[in-house]
Structures are given as C-alpha cells and as structure tokens.
Amino acid sequence: MKVRTQMLELSINDSIQQFHDIDEIEDYVSNKLNQTGGEVWLFHPSGSRLCVLFNKARAFVMWMSEEGASSFSSRDLNRPNGEERFLLSNGQYDTYPSSWTVNRQQARDALVYQAKHGQRCSSVTWHDDSLG
C-alpha cells in the first residue's frame, strides 16, 4: 500500500529530490545508502529536518525541529572508543566519535520515521546538543 503525504524534500550530496510517497523515499534512500558514503537531508513539511552522514558501516544522525533550532544528535554509548570519518557534500571530511554514530539500519529507520512523522525516531538514542 502506497502511503501518500505532503511534499517532502530529500537532498543527497546536494542533489535535491521531491517526494509525495513514503514508499518511494524508502526505496530511494535504501538504494542511495548502499553507496560508500554521503550526506542526506530530509526536510519535512512541519519544518523539521534530519541530517544523516553515512560511511560504509556507520552513520551520524542529527535532527532539528526547525531551521536554526537546537539539534539532537545520535548516540551509541556501547561503541568502543574511536572515530568515524564522513564525507560531506562539499567534499570536506568530518570526524565524529564512534559513540556518536549508529548503524546504517538505524539511520535508515530514522529517515523513514522523519518522512512519516516529522519527529525523532525512538530507535535512536538522542542527545540534546543544547546541553553541551
């Protein structure tokens, strides 16, 4: 069953696509997440937005209720010490602690949940970045 929604905008490595259908977003994201890395933004009609930086194994996820709002970022406190490196759409690399990343399936789930509800996915542990 196709789930229709208001227009959603998805940007992958600065290539913008628009969708009305959640199933199409799921398929598109699943195919794109098979790449080795990149930067994904999903903009919900409510104003909320989700950013996912992904590499071959892990993803850093950030959610904001609206442009300019304080963000919430992913955490996996069971991850060992270390760092993950992510390629941004501008060609720059950012590095985050491994404990700030989640597996790619969790990132995919967060994208789909954002598309459907415009809210943070409960399968990701979130840190309120305004608290430091």
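1. Strand 3 (residues 38–43) and strand 4 run antiparallel and are joined by 6 bridges; strands pair if DSSP finds at least two bridges between them. Strands here are DSSP runs (E, at least two residues), numbered from the N terminus. This is a predicted model, in which local features need pLDDT of at least 70, side-chain atom pairs count only at pLDDT 80 or more, and totals for chains, interfaces and linings use all residues. Residues are numbered from 1 along each chain as its sequence is written, and side-chain values use heavy atoms, with hydrogens and water left out.

2. Strand 3 and strand 4 make a hairpin with 5 residues between them. In that turn, Gly47 has a positive phi of about 105°. Gly38 is opposite Phe54 of strand 4.

3. On to strand 5 (residues 58–64): 6 bridges tie strand 4 to strand 5, again antiparallel. These two strands form a hairpin with 3 residues between them. Phe54 has Ala59 as its bridge partner in strand 5.

4. Strand 4 (residues 49–54) is mostly covered, with 6 of its 6 residues buried; buried means under 20% relative accessible area, with a 1.4 Å probe and protein chains only. Arg49, Cys51 and Leu53 point one way, Leu50, Val52 and Phe54 the other, and all are buried. In a regular strand the side chains alternate between the two faces of the sheet.

5. The structure holds 0 disulfides, a disulfide being a pair of cysteine sulfur atoms within 2.5 Å. The sulfur of Cys51 is 16 Å from the closest cysteine sulfur, that of Cys121, so it is too far for a bond. Cys51 is buried at 5% relative accessible area, and Cys121 is buried at 7% relative accessibility.

Terms used: Buried means under 20% relative accessible area, exposed over 50%, partly exposed in between (1.4 Å probe, protein chains only). Helices (H or I, at least four residues) and strands (E, at least two) are DSSP runs, numbered from the N terminus.
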